[in-house]
Amino acid sequence: MHKQLIILLCLISFCCNHAIAASPKQKAKSKKAAVITAPENNNEEEEELSLDELDKEAENTGEISLYRNVPAADIYSVWRTDMVNPYEISLTGKTDTTVIDMSGYVHPMKNVVTSEFGFRRGYRHHYGTDLRLRKGDSVVCAFDGMVRIAKRGKGYGYYVVVRHYNGLETVYGHFSKLSVSPFQEVKAGELLGLGGSTGRSSGPHLHYEIRYLGVPLNPRMLIDFENYSTQSDTLLLCSEHFDYIREIEKLRFWTIRKGDTLGRISQKTGISITKLCQLNGIKKTSTLRIGQKIRYT
């Protein structure tokens, strides 16, 4: 009995101090797929996803992990193939200066500007610069990068969003035909598609935007549209580039109701009729429609 007790204690000691080896089948399975841990919340248990699982999740949500090999992954918190600005970041309070390399730029369409960045008809803000083209003209990529979006939208029509290695993103709208797809790497000067007039468009043109962390920048501050080049090889991005947003936030509008006239709106708001006309691009004799918005600041 004493001998049996000694053998039992030895077995217990052996099990406590040695890990049970995995079977050859288990070892082979563990090497089949790399595992990535995404530390999104330190207060919750981290979830381990295989590359195959990440691919499936990307198809379902339009997102991929920051650990994927995408441009500027150290700056952006997400990569989505269904939204132009999924980042929800405000830059009006930016306190530092970001240095951005603008070298290697290729102008997407060498033609004249037909519409500038800024307000349209007093209340709608145009977040890009429009360039004249003919349907079927080639539109090329501005910087090296990777296609994030290539699809059809209501306003942009067929459009492309490219994330660049310098941290900027560019948006190209109203294509008649797309030549690229999401996750495709593209070089500066590489064909993105053929110009057109799809979406909310009054005629063939290229709608061209430059964004940082989803927020539009005035392309005129970065690009010399007459010489098809950048203003400088280095962009010092600071809060001044986003001052226009503060002006948008100050805007106030009067919604036209039955019986409203410019005279009545002027009396209620304290803004002269002449100023109201200037702000809204209308004449004193213009017909006001019920539901129309009139800017008064």
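Mentor: Three strands, S6 (113–115), S8 (124–126) and S16 (205–212), each supply at least two residues of the lining of the second largest pocket, where strands (E, at least two residues) are DSSP runs numbered from the N terminus. The model is predicted, so local features need pLDDT of at least 70 and side-chain atom pairs count only at pLDDT 80 or more, whereas totals for chains, interfaces and linings use all residues. Residues are numbered from 1 along each chain as its sequence is written, and side-chain values use heavy atoms, with hydrogens and water left out.

A pocket here is an open set of points on a 1 Å grid over the protein atoms alone, where a 1.4 Å probe fits and protein lies on both sides within 12 Å along at least five of seven lines; lining residues have an atom within 4 Å of a point. The second largest pocket has a volume of about 400 Å³, a volume being the space filled by probe spheres set on the points, which are joined across faces, edges and corners. Its lining consists of 18 residues, and those nearest the centre are Arg120, Arg124, His126, His174 and Arg200. Sorted by class, the lining has 2 nonpolar, 10 polar and 6 charged residues; Ala, Val, Leu, Ile, Met, Phe, Trp, Tyr, Cys and Pro count as nonpolar, Asp, Glu, Lys and Arg as charged, and the others, Gly among them, as polar.

S16 gives the most to this lining, with 4 residues, and from S16 we can move on to a neighbouring strand. S13 (residues 168–178) and S16 run antiparallel and are joined by 6 bridges, two strands being paired if DSSP finds at least two bridges between them. Within that pairing, Thr170 has Ile210 of S16 as its bridge partner.

Thr170 of S13 is also the bridge partner of Val162. The strand S12 (residues 157–164) runs antiparallel to S13, with 5 bridges between them. The two form a hairpin with 3 residues between them, and Gly167 in the turn has a positive phi of about 100°. S13 pairs as well with S15 (residues 191–195), in the antiparallel sense and over 3 bridges; there Phe175 stands opposite Gly195.

Finally, 8 of the 11 residues of S13 are buried, so this strand is largely enclosed by the rest of the structure. Buried means under 20% relative accessible area, with a 1.4 Å probe and protein chains only.

Methods:
Buried means under 20% relative accessible area, exposed over 50%, partly exposed in between (1.4 Å probe, protein chains only).
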